[in-house]
Amino acid sequence: MSGGQHTRAPSILVVDDEPALRSALAFDFELRDFRVFEAEHGKHAMEILEKVGDIDVVLTDVLMPVMGGVELLEGIRSAKFEQPGVVFLTGYSELTLEVAHDRGADAFFGKPFDRDTLIRTVDRLVLPPRERWKSPSPPGAGARRLVHAKVDSFASENAGFRLGHGGFFLSSDLAPGLHVRQELEIRIELDSLALEGVGRVVWSRTPAKNSELPAGAGVEWLSLSDRSMKVLLDELDIERLRPYIPLA
Amino acid sequence: MHSNVRGLVADPLLNLLDEAFAETTTDGTLLRFNSRLLQLLPDLRSNLIEALPRDFLARLGKPGSPLRETITGESTLPSGFDVRISATPLSDSGELRIGWTFRDITAARRQEDELRRQVEKLEFVLEGAGLGSWDWNLTNNEVSFDPLWCEMLGLDHRTTPMRLDTWEVRVHPDDKARAYEDVGAHIEGRTRQYENVHRIRHADGRWIWILDKGKITERDPSGKPMRFSGIHLDISAQKLAEEELHSSRELLDLATSIFQVGVWEWNIEARALRWHSSMFQLFGFTDDGSEGLADIFRKSVSPQHLEPVSRQFYQCIEAGTTFVAEYPIIRKDGAHRTILSKGFIQRDATGKPQRMIGLNWDVTEERQRQQQVEDERMMSLHASRMATLGEMAGGIAHEINSPLAVITMRASQLRDYISRKTPDPATIGLLTETIESTALRIGRIVLAMKNLSRDSSHDSMATTLAADVLHDAALIVQERFRLNSIDLQVRIEPQDLSLYCQPTEISQAILNLLQNARDALEEAAEKWIRIDVSEGDGMAIFEVTDSGAGIPREHQEQLFRPFFTTKPRGRGTGLGLGICRQIAEKHGGSIEYVQDSTHTQFRMRLPIVPPRMVNT
């Protein structure tokens with residue numbers, strides 16, 4: 001997604017019904033030489049997106065009058081304009097991180113959030129994927145876990161492994177006991193193809209009694225081998241996939 | 001001086017005789033006499049016969065005819081003496097004479113008269129008192145029953161056998177042995193008189209109760225009883241009354257024990273209190289007279305209740321009104337109980353209060369149950385408020401988290417900014433001001449949350465500004481309404497209108513109405529809610545109107561019924577309006593759906609001042 005031109009300043013659209021928060025966010029990104037646009041609700045944001053056309057990142061609240069963040073995300077993902085990265089900033093909503101990523105949101109923050117993390121996330125999102133995943137990320141806390149799995153499919157439902165545009169779902173059958181924020185050394189093999197890189201567990205799910213969703217974890221890519229990046233972006237064209245990480 | 005009658009002198013020898021004595025010729029000429037005769041016949045001359053009353057003379061036969069045998073007769077002399085006169089012919093000396101004796105029977109006669117009068121009087125009394133009498137000859141067991149005795153048993157006196165059997169066969173088998181025992185005891189001299197109560201079969205078959213009293217009335221010279229006389233009194237009526245009294249007393253005992261009620265009586269004139277045994281049980285004391293009632297009462301009732309209860313009691317006595325009081329007691333066994341006491345004035349025929357009859361109940365369990373019900377009600381009120389708040393929680397969390405995000409961002413920015421080479425004071429000011437004002441905004445929301453979520457069941461009623469009552473509810477819903485694009489307007493006229501209420505409960509009622517309005521407007525094109533508060537008829541009138549088109553007529557009747565809801569499952573319990581009504585009525589107010597409004601409108605009326613206490 002995203003991947004605007006490097007020749008121009010990155011652009012960001014801040015959508016929130018709280019003017020004080022819009023101001024605070026604008027303050028930061030203006031200092032970082034972003035082109036900053038503001039909207040007070042989803043409908044207003046759609047208008048700006050259509051008019052401006054090349055927004056790199058949309059920072060949006062979820063609950064807003066007139067049109068909320070989820071509806072805005074649907075609008076963005078269904079629209080013809082170049083797809084921006086979408087970051088949810090939510091004070092409170094029924095929407096979970098798991099669902100938000102499945103619907104196509106690239107990041108999800110609960111209010112109040114850590115400002116530095118938000119800025120790092122936005123900075124990363126404005127980069128084109130190849131840039132984003134090129135540099136091997138420095139190891140986080142704790143040793144990385146090795147995850148090697150052979151899968152039958154890269155993009156089918158209920159196959160135990162499924163790609164999104166920013167990561168993948170991995171069932172606990174293939175890699176049991178993953179926990180949130182855990183970093184992984186990944187090697188996923190499908191016949192002769194292999195995906196190799198470093199990922200981080202974003203969510204982990206144990207099966208609920210009433211849920212048909214399988215147990216597993218949502219993992220986002222931190223870095224990828226050149227070969228793997230080529231497979232994902234050129235051969236599998238993951239940028240066209242709506243989910244950032246699929247639910248299952 | 002009486003010893004001399006025409007030269008005749010009383011014979012000194014004859015004077016020794018106690019009776020009057022005289023010797024005359026057949027025509028009555030005195031020959032000899034004694035002085036006693038002169039006492040009886042002071043007017044005596046020389047002829048005795050001439051001095052005798054006529055009624056006696058008639059017995060002597062024709063004058064002049066010879067007296068052949070002794071003639072006796074009683075007569076009253078002109079001197080007033082009653083005498084028994086005896087005239088005996090004396091012929092020892094050949095010449096016929098008459099010997100006279102006069103026995104003074106005045107005293108004996110009087111005694112006899114007296115006795116007769118007594119008997120007559122007794123008979124009169126017996127008859128008047130309905131007493132039958134019997135006279136039992138112990139030597140042959142013949143008994144003379146008088147007509148009244150027979151009548152009492154439905155027997156005909158003329159055909160009733162005068163035998164002991166007549167009585168014996170009629171005595172109730174259960175009472176006979178005891179009756180004979182009492183008879184024997186008297187005959188043997190162990191009792192001064194015989195007395196026994198027994199049942200006797202009346203001729204018509206029913207049993208009548210007889211009080212039987214008697215005494216030995218004659219003994220032989222050796223002292224052996226010969227006659228036993230007595231009276232019968234039919235005491236069936238008394239016995240019945242006694243039984244009735246007994247059974248009503250038993251009934252009272254039974255009733256008091258079943259209903260756990262204590263019965264007391266206050267005699268107004270005597271200022272005397274009486275307790276039925278049930279009262280002692282109620283207070284945990286024993287009815288053995290070891291402690292005075294006033295002491296028991298003082299010991300049981302706590303000092304702070306004793307004085308007001310006593311005062312109220314005397315006021316009711318004074319005014320002749322019904323006494324009702326409830327007070328806690330500590331029983332002798334240490335148990336804490338609650339007593340409800342009611343006293344009713346009883347008047348005599350003239351309407352003058354005579355006494356107060358009182359009932360006391362132990363209402364401890366009842367009061368505990370009521371308290372429990374009230375507690376549960378309060379808990380359900382609280383729970384429903386928590387549910388409402390829970391439904392609002394999303395909006396509230398959103399409203400708190402957004403400003404928090406502003407604060408954390410601004411604080412972080414401030415930290416970065418002041419580390420610059422040339423920080424601009426104006427920018428620093430902007431950042432700090434934003435932090436401060438945003439934090440205060442959070443504080444207000446949290447306070448409103450706290451006000452509405454805490455347990456307010458023990459809050460008291462207070463005069464509160466309508467604006468303050470609305471404030472918390474409005475603050476809670478405002479973010480939710482804003483997110484739903486609902487326009488909320490509040491109008492209070494006059495602005496300083498206040499009402500007497502429990503503020504949290506009224507806030508809750510308003511919150512429920514707002515919540516309902518919001519739910520109703522979810523799909524509406526036009527979304528607004530208006531709260532109008534005004535004054536009318538001494539009431540504060542809250543009107544909550546939303547832009548909806550009203551409630552279908554078929555639902556209007558059920559609106560306030562608990563659990564009535566048209567909302568989808570999980571969206572509402574259907575308790576909201578029921579609780580609104582409960583709250584309004586508890587405050588002495590009301591709530592209604594306004595039918596003639598073009599929009600959906602609810603009107604709640606609440607008193608502005610406390611309801612006036614009755615009788616104070």
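Which residues is A:V87 in contact with, leaving aside its neighbours within four places in sequence? I looked this up in a predicted model.

**Entry: A:V87 and the cores**

I find A:V57, A:V58 and A:L59 among the contacts of A:V87. I also note A:D106, A:A107 and A:F109. A:T121 and A:V122 complete the list for A:V87. Neighbours within four places in sequence were left out of that search.

Next I checked the largest nonpolar core. It holds 73 residues. I wanted the members that touch the most other members. They are A:I12, A:L13, A:V57, A:V58, A:L59 and A:V87. I see that A:V57, A:V58 and A:L59 are on this list and are also contacts of A:V87. There is a second, separate core, of 40 residues. I noted B:I486, B:A520, B:L521 and B:M604 as being included in that second core. In soluble globular proteins, nonpolar side chains tend to be buried together.

**Entry: where chain A touches chain B**

I looked at the contacts between the chains. On chain A, 16 residues take part, and they meet 18 residues of chain B. Which helix gives the largest share of the chain A side? I find helix α1 of chain A, residues 19–31, with 5 residues. I then sorted the chain A side by residue class. I get 11 nonpolar residues, 4 charged and 1 polar.

**Entry: cis peptide bonds**

I checked omega next. The bond joining A:K111 and A:P112 is cis, with omega about -10°. A:P112 sits in the loop between β5 (107–110) and α5 (115–125) of chain A. I place B:P494 in the loop between β19 (487–492) and β20 (498–501) of chain B.

I turned to phi. A:V66 is not a glycine, yet its phi is positive, near 70°. I find A:V66 in the loop between β3 (57–61) and α3 (69–78) of chain A. Why does A:V66 count as partly exposed? Because A:V66 has 14 C-beta neighbours inside 10 Å.

B:D537 is not a glycine either, and its phi is about 55°. I place B:D537 in the loop between β21 (528–536) and β22 (539–546) of chain B. Is B:D537 buried or exposed? I count 7 C-beta neighbours inside 10 Å, so B:D537 is exposed. The cut-off for exposed is 12 or fewer.

Notes. Residues are numbered from 1 along each chain as its sequence is written. Chains are lettered from A and ligands numbered from 1 in the order in which they are written. This is a predicted model: local features need pLDDT of at least 70, side-chain atom pairs count only at pLDDT 80 or more; totals for chains, interfaces and linings use all residues. A nonpolar core is a set of buried Ala, Val, Leu, Ile, Met, Phe, Trp, Tyr and Cys residues joined through C-beta atoms within 7 Å. A residue is buried if 20 or more other C-beta atoms lie within 10 Å of its own, exposed if 12 or fewer, and partly exposed in between; C-beta atoms are placed from the backbone. Two residues are in contact if their C-beta atoms, placed from the backbone, lie within 7 Å. Helices (H or I, at least four residues) and strands (E, at least two) are DSSP runs, numbered from the N terminus. Ala, Val, Leu, Ile, Met, Phe, Trp, Tyr, Cys and Pro count as nonpolar, Asp, Glu, Lys and Arg as charged, and the others, Gly among them, as polar.
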